[in-house]
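Welcome! Take a look at the structure below, and then let us walk through a few of its parts together.

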Amino acid sequence: MSLTERDQKVIWHPYTQMKNALPHIPIVRGEGVYLFDEDGKKYIDAVSSWWVNIHGHAHPHIAKKVAEQLSVLEHVIFAGFTHEPAVLLAERLLALLPGDQEKVFYTDNGSTAVEVALKMCLQFWSNTGHKGRTKIIAFKEAYHGDTFGAMSVSGRSIFTDPFNSMLFDVEFIDLPTEKNIEQLKSKINYLSNEVACFIFEPMVLGAGGMLMYEGQHLDQLIETCQKHGILTIADEVMTGFGRTGTYFACETLQTKPDIFCLSKGLTGGTMPLGVTTCNQKIFDAFLSDDKLKTLYHGHSFTANPVACAASLASLDILLKPETLANIQRIKSKNEAFAAEIKDHPKVRDVRQTGTILVLEWETGNDTSYLSGLRNQLYLYFLERGIILRPLGNILYILPPYIISDEDLEYIYQTIHQALNDI
Ligand SMILES: *Cc1c(COP(=O)(O)O)cnc(C)c1O
């Protein structure tokens with residue numbers, strides 16, 4: 001039996017209707033921006049394997065540091081014990097994050113990083129004697145993960161549909177624009193002291209359709225929240241570690257959030273790890289002789305030393321001047337390509353932030369066309385050795401920073417060709 005056939009017998013894949021799923025492609029090796037299948041076919045990983053891989057696959061520096069850590073200390077319980085990789089990573093992250101971040105709480109992935117952020121905010125208010133502050137504000141098209149709390153603060157969609165009645169109520173707001181910003185601020189003012197926190201993906205909403213909005217508008221929303229003491233959570237799980245052109249998207253803001261959620265690029269895409277960081281104000285609200293004020297949250301693999309070692313190695317690479325230069329190079333090449341195709345009749349919209357390029361396919365009013373289009377596009381690029389996973393009619397490139405100019409050009413050319421063929 002081939003690997004694909006053995007897979008079909010025993011595996012249930014994520015986000016996949018298993019009834020009519022295409023055979024899953026058996027990948028045997030990764031190197032740089034490329035993945036190789038069993039037959040030796042090469043694919044450009046143009047979506048960084050679900051947005052996690054920032055420095056390329058099987059990076060030798062990360063591999064070396066992970067291997068070293070594995071034979072020194074693979075794991076240790078993180079309550080009552082600590083270790084160098086966790087402490088050093090916290091020190092380095094806090095130094096790099098914008099604003100006044102002071103403490104790092106480790107978890108396993110982006111969803112759990114969000115769960116912890118929400119718990120920190122809700123318990124902040126209960127610990128400080130404001131039990132009525134339980135409302136949460138989030139964007140209508142937000143995506144914050146697949147666990148129940150994270151689902152609750154995400155937009156309602158076909159992903160959440162079977163669970164909607166079990167999700168807690170959230171005050172959803174539209175993405176800010178020049179036109180509605182005053183209205184959004186009024187809504188926050190109106191809700192004011194019932195609200196525990198506002199959670200947002202800064203400037204780019206990922207799974208909700210790679211939607212983009214202005215940092216200056218986010219600044220105004222955060223400022224309005226701060227006026228009422230509403231805590232703010234920046235979910236930088238996707239935008240963190242250089243994706244939007246700076247180390248963190250929030251670097252470009254005037255205001256600074258109280259909490260950051262990080263994962264995805266944290267380990268360079270090598271293995272799962274999440275962190276939730278907070279400022280002193282939040283941390284201090286949990287300090288008490290009263291045991292009930294403790295943050296009772298943890299995971300078996302909290303602060304896994306090998307994952308921390310991978311993250312430290314990934315940070316080494318991220319902080320090299322070459323990496324920032326690569327990010328700028330991708331950004332300007334994307335800009336040039338966006339300008340080139342923006343007037344194509346099949347292009348409804350092109351938008352771009354940092355290393356993310358988004359192209360919305362024109363579908364007219366034909367919804368049957370839309371449902372077939374996604375798979376058609378996916379297969380079109382796959383056949384040509386490019387991994388892109390369109391969100392419906394929204395095609396995006398989100399590559400590892402080491403992608404070469406030649407590979408970028410090949411992707412652009414193939415997109416151009418697809419615009420004419422499909
Ligand atoms: C992917 C993502 C998450 C969830 O992270 P997982 O590691 O998949 O649980 C949360 N927030 C944002 C913005 C994301 O893009």
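## A histidine in a loop

His83 is buried, at a relative accessible area of 7%; buried means under 20%, exposed over 50% and partly exposed in between, with a 1.4 Å probe and protein chains only. You can find His83 in the loop between helix 3 (60-70) and helix 4 (84-96). Helices (H or I, at least four residues) and strands (E, at least two) are DSSP runs, numbered from the N terminus.

This is a predicted model, in which local features need pLDDT of at least 70 and side-chain atom pairs count only at pLDDT 80 or more, while totals for chains, interfaces and linings use all residues. Residues are numbered from 1 along each chain as its sequence is written, and side-chain values use heavy atoms, with hydrogens and water left out.

What does the side chain of His83 reach at 2.8 Å? It is the backbone oxygen of Ala303. Apart from neighbours within four places in sequence, His83 is in contact (heavy atoms within 4.5 Å) with Leu73, Val76, Phe78, Ala303, Asn304, Pro305 and Cys308.

Gly265 sits in the loop between strand 11 (259-262) and strand 12 (274-279). This glycine is buried too, with a relative accessible area of 3%. Along the chain, Gly265 and Val52 are 213 residues apart, yet their C-alpha atoms are separated by 4.6 Å. Leaving aside neighbours within four places in sequence, the contacts of Gly265 include Trp51, Ile54 and Phe241.

A nitrogen atom of the ligand lies 2.7 Å from an N or O atom in the side chain of Asp235. An oxygen atom of the ligand is 2.8 Å from a polar backbone atom of Gly110. The protein buries 84% of the 380 Å² that the ligand exposes when taken alone, with areas from the Shrake-Rupley method and a 1.4 Å probe.

## Two cysteines without a bond

A disulfide is a covalent bond between the sulfur atoms of two cysteines. How many disulfides does the structure hold? The count is zero, where a disulfide is a pair of cysteine sulfur atoms within 2.5 Å. The sulfur of Cys121 has its closest cysteine sulfur in Cys197, and because they are 4.1 Å apart, that is too far for a bond. Cys121 is buried at 0% relative accessibility, and Cys197 is buried at 0% as well.

Conventions:
Polar contact = N/O pair within 3.5 Å; in protein donor to acceptor, adjacent residues only side chain to side chain.
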